[in-house]
Amino acid sequence: MTYSMTPLLALAGVRIKEFFREPGAIFWTFGFPLLLTVALGIAFRTEGPPRSTVALVYGGAGAPALLATLRAEPALSVEPLSAEIAAARLRGGDVLLVVEPPASSGQPVVYRFDPARPDALAIRRQVDELLQRAAGRTNPLPTRDETALARGARYIDWLVPGLLGMQLLSGALWGTAWIIVNARQRKLLKRLTATPMRHGHYLLSFRLSGLLFVPLQVIVLFAFARWTFGVKMYGSPVAVLALSLFASWSFAGLGLLCASRAQNNETANGLVNLVTLPMFMLSGVFFSSARFPTFLHPFIRLLPLSAYNDALRHIVNDGASLASQGVPLGVLAVWGVATSAIALRLFRWG
Amino acid sequence: MQPHVAIRISNLVKRYADVVAVNGLDLEVGLGECYGLLGPNGAGKTTTVEIMEGLLPPTAGTVEVLGQTWTGNGEDLRARIGVTLQETKLWEKLTVEETLRLFRTFYDDRRALKVKDLLEEMQLTEKRATWVQKLSGGQRQRLAVALGLIGDPEILFLDEPTTGLDPQSRRALWDTIATLKKRGKTVVLTTHYMDEAERLCDRVGIVDHGKLIAQGTPAELIHQSGGFHLVELQTAPELPPEAFSDLVGVRAIRQRESALGGGFALAVDEPHVALPALFARLAERQAKPTRLVSRAATLDDVFLSLTGRTLRED
């Protein structure tokens, strides 16, 4: 026998052909994450500060002057209303503050609001500040507001690495587990084991084809996010690629584990969902895992997807180096080695 | 082991949790022979063949293929045999040629057949660039056989090669197998079609309930079970089978199942001797035949005489 690499390359070639001849696979791997990026990017786009609605009760002395002062502030939307309507809208909640001009000169301006609402308190302070300054108050301490966000701090900047994590995890799991179990169910695995093919070549062909799929996924998603939302990669693209390949290798171990015994696609689907869905929730894909109770954080950090997402965000959003991500890389390595080792012990070819 | 033996199995047992699939089976296949395992569905044919192919471990018994057991020799043996499973779904979106080229990489390049020649031989040249999903049942089966042949094996295993094929594709595949036989390849096939076994196999082993219940050339088996011809008979008034047992040339009498219309069948070697005697007996007993069929006996009749059931019972 000759022990050439040819069967391994040929098997990886089959994986790649199989993939690119399946429109559904292409959509779910490449198209779907782009759609999610667009949908979530639009839904949670960061605008200027929200305009708050203030009602000015019309009538009384100085009302036109007050209206002019308040209208000069772009962050406020001021509506002149009758006292009754203003009161009704305050109860309804779409007006946060009602300003009553002084009934006669020397009387106070009255603010009506619900003190239980923090935004109402804030707007009361803002309106009061405007009116006091218009009346001639000067502040002794000069201040300046800096409202431009720090780099990589928008939701979309945070979201895109998480989407890539989700994409790589599901790609590695479906692309390993589903394909293997499908081949087992179709007796293709059995047919292959009746040839002199080395079993390791078959399993390695999945990792080998990943060398093509993973860079494509990274490049397509980041290029798209940059083009549509101006998401920038602050760290090294090489580091992002290397980290992603390593993570995908680690995730594929989980896929192999799901595939090791399952006899039919239904079981494989169940197992893959069981592994991926909790991680999509816990590992900070759509929202930060900081929202979970503190005692869960150490466990969440040990999940492979959390490790990848954390490391990726540090590199992409903060410009960190790959070398500085030792802990997440270690977590990924342990998962990859442990799951692959167990999977190979459990694996059934028949 | 003698050099002319390709496969030797003795006292083979395969037990699953609740079923005994193979229950003490012995057989020997000679090199260059086409050997058929014939039996109804569930008789243990596939299990036996998959043990020969090294795909299943036996519970007990010994299996030697080309003089070697599977333990420790798997790699060598797999390179020397070719396999067509009962049903394999290949990659639907790979072409015929891509599939063959992939399998070819698993074998020694110096020994494996040329893809082009094999496509030609299996009449798949026109379909070489067609995706597997677009192939007809017969074309798929020819591809499956081609994959079994790509490594130029010494033994080719075919598990139910023509099940589910239309008559034309069956005949085309029979021709292919006949060609392989002529070239001196050892072929082991399973089937529940008696015509397939009769036509292709040098020797046939009849399997039932995990045991080999008879073995020989198709002609031997048919002759041993009573005769080459069967005369199926029903009369009015109805005469008992014993009325014909002493007729010249009658070797056995078999009751026909009532499901098949009742009556009985006389096993004879020479119908031209037995039939005149039969007509004389009918005249003598003043009976008329309401049904009279004279036909060649088949392996199905052999199976029926051995087990009381037909091969087609599902």
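Start with the sheet in chain B: four strands make an open sheet in the order 11-12-10-13, with antiparallel pairing. Strands count as paired if DSSP finds at least two bridges between them, and the element numbers are DSSP runs counted from the N terminus, with helices being H or I of at least four residues and strands being E of at least two. At the edges sit strand 11 (250-255) and strand 13 (288-296) of chain B, each pairing on one side only. From one strand to the next, the twist averages 20°.

Before going further, some housekeeping: this is a predicted model, in which local features need pLDDT of at least 70 and side-chain atom pairs count only at pLDDT 80 or more, while totals for chains, interfaces and linings use all residues. Residues are numbered from 1 along each chain as its sequence is written, and chains are lettered from A and ligands numbered from 1 in the order in which they are written.

Now select strand 10 (residues 229-236) of chain B along with strand 13 of chain B: eight bridges join these antiparallel strands. Within that pairing, Leu233(B) sits opposite Leu292(B) of strand 13.

Helix 9 of chain B lies across strands 10, 11, 12 (264-268) and 13 of chain B, at about 10° to strand 10. Angles here run from 0 to 180 degrees between N-to-C directions, with axes fitted as lines to C-alpha atoms, for helices over the stretch in contact.

Zoom out to the whole of chain B. Chain B has 10 helices and 13 strands, and its C-alpha trace spans about 75 × 45 × 35 Å along the principal axes. Of its 314 residues, 43% are buried (20 or more other C-beta atoms within 10 Å of a residue's own; 12 or fewer is exposed, in between is partly exposed, and C-beta atoms are placed from the backbone). Colour by pLDDT, the predictor's confidence in each residue from 0 to 100: the mean for chain B is 89, and 96% of its residues reach 70 or more.

Which helix to pick now? Among the buried ones are Arg140(B), Arg142(B), Leu143(B) and Gly148(B). They pack against strand 5 (81-84), helix 3, helix 4 (115-121), strand 6 (155-159) and helix 6 (167-182) of chain B.

Over to the interface. How many residues of chain B are in contact with chain A? 21 residues of chain B touch 21 residues of chain A, where contact means C-beta atoms, placed from the backbone, within 7 Å. Helix 2 (74-80) and helix 3 (96-105) of chain B are the elements giving two or more residues to chain B's side. For the complex, the predictor gives an ipTM of 0.86 and a pTM of 0.79.

Cross into chain A and select helix 1 (residues 6-20). Its buried residues include Leu8(A), Leu11(A), Val14(A) and Arg15(A), and their cover includes helix 8 (199-229) of chain A together with helix 3 of chain B.

Last stop: strand 1 (residues 52-57) and strand 3 (residues 97-100) of chain A run parallel, joined by three bridges. Val54(A) stands opposite Leu97(A). Strand 3 of chain A also pairs with strand 4 (residues 110-112) of chain A, antiparallel over three bridges, and there Val98(A) has Arg112(A) as its bridge partner.

Terms used. Contact = placed C-beta atoms within 7 Å. Expected span 1.5 Å × (residues − 1).
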